[in-house]
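Open the model in your viewer and keep the sequence beside it. This tour tells you what to select next and what is there.

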Amino acid sequence: MEGNTGNGKVVCATGASGFVASWLVKLLLLRGYTVKGTVRDPDDWSKTEHLMRLEGAKERLKLLKANLLEEGSFDSAVEGCHGVFHTASPVLSVSRVEVDPQTAYIDPAVKGTMNVLKSCTKLSSVKRVVLTSSVAAVFYNARPRTPGVVVDETWFSDPDICKENEEWSGYVLSKTLAEEAAWTFAKENNIDLVTINPAAVVGPFLQPTLQATANLILILLNGAKTFPNSTFGWINVKDAANAHIQAFEIPSASGRYCLAERVAYYSDVVKILHELYPTLQLPEKCADDKLLMPIYQISKEKAKTLGIEFIPLEVSLKEIVESLKEKKFIEF
């Protein structure tokens, strides 16, 4: 992972203190890049300390204030950069508080993406933009996800079908609309755009706060009586961050890249956790008696062209549990 591929090149990473972005910044610094990271408040040490303590941060990381909803907000961050990684976007809330989907998810995702891309059009230095999208922008259409089906980069979510996903419609719709808007704008303005579409991201976290996927695991560890009847694609955060860098560095990289080490039932996740930590009290039954959600596949072919070797889910789950312990979210 380390090496001097960055050669002092300057890149921008938006939303630098997030889960994937923190790892992206870490790996970029290890590769010799100079990183301009945007955060809401560079002076909030509780959100930025983990970044400023990274190897190389003192010399080559500059944190700048930017607001997704403010046009021109990213101009100074993008100035002088060879590449821009746009990872800043609202993520699923850990709390179950009702939020207005438009304000909480859709506006920041869509307007934020547009504002970053508009800043990029003002500067000739930017050679490529890598956008963090999601499998949420891939999955939700009229095509069934059933055994034998392999989802790949040619799938696009349909905004009308996204709205039917009651629990996560705001988030799913935000990712779908933001990616759609990005491709349209990139084509019209001749921007070299690549998108990374990860499944649920797991693995060790650098930031001090709990993100949505860590919370999914924490709930299972914290005495939940049942596990959900659902399937997820899973990918390690280090693979996700590395895919962003490869998508920038490999000249022939183009289009979209789905990222999932495997699709697994929640029951599989519980089984792996039980094998890793036999003494833990984990839920033994499913939340409902319906047929289990069908399992499907997510293609790895294109992601492999980025050199991603896929860290196994067993390793990712162990890493996330150890992070939860280390950061005192759980004790056992």
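A nonpolar core is a set of buried Ala, Val, Leu, Ile, Met, Phe, Trp, Tyr and Cys residues joined through side-chain atoms within 4.5 Å. Buried means under 20% relative accessible area, exposed over 50%, and partly exposed in between (1.4 Å probe, protein chains only).

This is a predicted model: local features need pLDDT of at least 70, side-chain atom pairs count only at pLDDT 80 or more, and totals for chains, interfaces and linings use all residues. Residues are numbered from 1 along each chain as its sequence is written, and side-chain values use heavy atoms, leaving out hydrogens and water.

Start with the largest nonpolar core, which has 68 residues. Select Val-25, Val-35, Ile-217, Leu-221, Trp-234 and Leu-273, the residues with the most contacts inside this core. Next, select residues 19–30: this is helix H1, which gives the most to the core, with nine residues. Helices (H or I, at least four residues) and strands (E, at least two) are DSSP runs, numbered from the N terminus.

Now pick Trp-234. Beyond its neighbours within four places in sequence, its contacts (heavy atoms within 4.5 Å) include Ala-199, Ile-217, Arg-262 and Leu-313.

Move to Glu-180 in helix H8. Glu-180 is partly exposed, at 40% relative accessible area. Select Ser-89 too: the two C-alpha atoms are separated by 15 Å, with the residues 91 apart along the chain.

Go on to Asn-190, in the loop between helix H8 (169–188) and strand S7 (193–198). Its phi is positive, about 55 degrees, although Asn-190 is not a glycine. Asn-190 is exposed, at 74%.

Finish at Lys-328, after helix H13 (313–326). Lys-328 is exposed, with a relative accessible area of 62%.
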